[in-house]
Amino acid sequence: QVQLVESGGGLVQPGGSLRLSCAASGSFFRIYTMGWFRQAPGKQRELVANITRDENTTYADSVKGRFTISRDNAKNTVYLQMNSLKPEDTAVYYCNTNLKRLWYEMKLEYWGQGTQVTVSS
């Protein structure tokens, strides 16, 4: 069974920083793309950033220059460094990954349970 365990959310003042972590555990052959999505109340879930195994990155326009995604393949972990946080960044942040449990299987998508990020004074 594959699990994604997130940590690092919380309450921060505008202009502050937080670092989210997401570690994949369980039995699998290889992890491919890892990323972060977020969902604010009353809004659809949206991509924040993702990173391929070769460390190619994609960012939402709203976070470019403020957020940085990175990964540690040896630890099966993805990070999201969030700087210059704004109230509009308030949302539940979800970790997402595509992986193969066995080398000959199709890629499967997994989600973390979500971690709350609140930006408020």
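Visitor: Is Trp-111 buried, partly exposed or exposed?

Guide: Buried means under 20% relative accessible area, exposed over 50%, and partly exposed in between (1.4 Å probe, protein chains only). Trp-111 has a relative accessible area of 34%, so Trp-111 is partly exposed. This is a predicted model, in which local features need pLDDT of at least 70 and side-chain atom pairs count only at pLDDT 80 or more, while totals for chains, interfaces and linings use all residues. Residues are numbered from 1 along each chain as its sequence is written, and side-chain values use heavy atoms, with hydrogens and water left out.

Visitor: How many disulfides are there, and how is a disulfide read?

Guide: A disulfide is a covalent bond between the sulfur atoms of two cysteines. The rule asks for a pair of cysteine sulfur atoms within 2.5 Å, and by this rule the count is 1 disulfide. Cys-22 and Cys-95 form it, with sulfur atoms 2.1 Å apart. The torsion about their S-S bond is about -85 degrees, so the disulfide is left-handed.

Visitor: Are Cys-22 and Cys-95 buried or exposed?

Guide: Cys-22 is buried, at a relative accessible area of 0%, and Cys-95 is buried with a value of 0%.

Visitor: Which ring has the charged end of Arg-45 over it?

Guide: A charge sits over a ring if NZ of Lys or CZ of Arg is within 6 Å of the ring centre and within 35 degrees of the ring normal. The charged end of Arg-45 sits over the ring of Tyr-94, 3.7 Å from its centre. Likewise, the charged end of Arg-19 sits over the ring of Tyr-79, 4.1 Å from its centre.
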